[in-house]
There are 2 protein chains.
Amino acid sequence: MQEPPPEPPASVIRAWGRLIRAERIVVGRIEAELKSAGFPSLHWYDVLLELKRGPEGRLTPREIEEAGLFEQYNLSRLLDRMENKGLVRRIPFPGDKRRQLIEITEEGKALQWRMWSVYGAAINRFISAKLTDKEAGQLSALLLKLIQE
Amino acid sequence: MQEPPPEPPASVIRAWGRLIRAERIVVGRIEAELKSAGFPSLHWYDVLLELKRGPEGRLTPREIEEAGLFEQYNLSRLLDRMENKGLVRRIPFPGDKRRQLIEITEEGKALQWRMWSVYGAAINRFISAKLTDKEAGQLSALLLKLIQE
DNA sequence: CTGTTTTTGATGCAATTGCATCGAGATTGA
DNA sequence: TCAATCTCGATGCAATTGCATCAAAAACAG
């Protein structure tokens, strides 16, 4: 015999609802800023930033996938689009013909840089302005608990 | 002359990254549970729940849109799909021929209920298990600051 | 009133995402 | 060694989302 699962606590349900809302609202606002400045979406930015941080500006698709929580098939096609725009370049992976390395181009680096000026300003406006440094730290710590395991 | 915008504080950048990650990870886990139990996505659930709470199980599309942060065109088509499955019904809005009321059906109510047993259990597993009641309250309070304005 | 503007919901079309599966190349295990 | 399995990335096709715009009805302004 199995009991029905206990109702989640009201505090948890409220936190969960706000997590979804806060994420959507802030992402929406930031995406709107990027778009109105003529830039592509945050996904593009994420790929560019990960690559820039990687050794020699290179990562395998799998690494990008994990870092940015992409689906394999979505990333594959996103990289197609980015390659078409000259932001990244696919190069062979030495010693394994299945794999490949994605390398950020100079153009890609430049775009990441230009996007950051808008993105950073948006973060300031939509997040820094609403939280003290201490509160931001508390928020990070709480969210980390959710991510772990 | 305009200064470049100051870099957002590291604490804020970290919190922002975690907000995105936490949301995606938890949504992903919960959606996976729902799907593997044969249920539709959280969007459907959100619509059903809002309707169930509304007076007589009825709301206008605009009200659902605002409550669930839907785009107008997405909601319009989501309601098409839900109506096709017999979960909701469109009825005329008395005194305004532009508007309409969306009414949840008995089938819709039943689905919301069955989904909740899986959804609630998932919330327990993925959130309640990770946060104390007090922490959930702190998280809500911090996220509220982000949402406001 | 009556012409203009606003609100509400729908829809054609393009872009993106999700799902299933594929082919090529590595890796494993008897 | 070599057949079976697994990993990596791509892709056909369906579903969903985003964008622009529309038509109808209501609200508004003179």
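To compare copies of a chain, one superposes them by least squares on the C-alpha atoms of residues with pLDDT of at least 70 in both. In this predicted model, local features need pLDDT of at least 70 and side-chain atom pairs count only at pLDDT 80 or more, while totals for chains, interfaces and linings use all residues. Residues are numbered from 1 along each chain as its sequence is written, and chains are lettered from A and ligands numbered from 1 in the order in which they are written.

Superposed in this way, chain A can be laid on chain B with an RMSD of 0.0 Å, by a turn of 180° and a shift of 0.0 Å along the axis. The two copies are therefore related as by a two-fold rotation axis.

Consider next how the chains meet. Contact, defined as C-beta atoms, placed from the backbone, lying within 7 Å, joins 43 residues of chain A to 44 residues of chain B. On the side of chain A that touches chain B, two or more residues come from each of α1 (10–36), α5 (106–128) and α6 (133–147) of chain A; helices here are DSSP runs (H or I, at least four residues), numbered from the N terminus. The largest share, 15 residues, belongs to α1(A). Because 100% of the interface residues of chain A are also interface residues in chain B, the copies meet through the same surface.

The DNA remains to be described. Around DNA strand D there are 22 residues, of which R62(A), Y73(A), S76(A), Y73(B) and K97(B) come nearest; a residue counts as near if its C-beta atom, placed from the backbone, lies within 6 Å of the strand. The elements that give two or more residues to this surface are α3 (61–68) and α4 (72–84) of chain A, together with α4 (72–84) of chain B.

Methods: Two residues are in contact if their C-beta atoms, placed from the backbone, lie within 7 Å.
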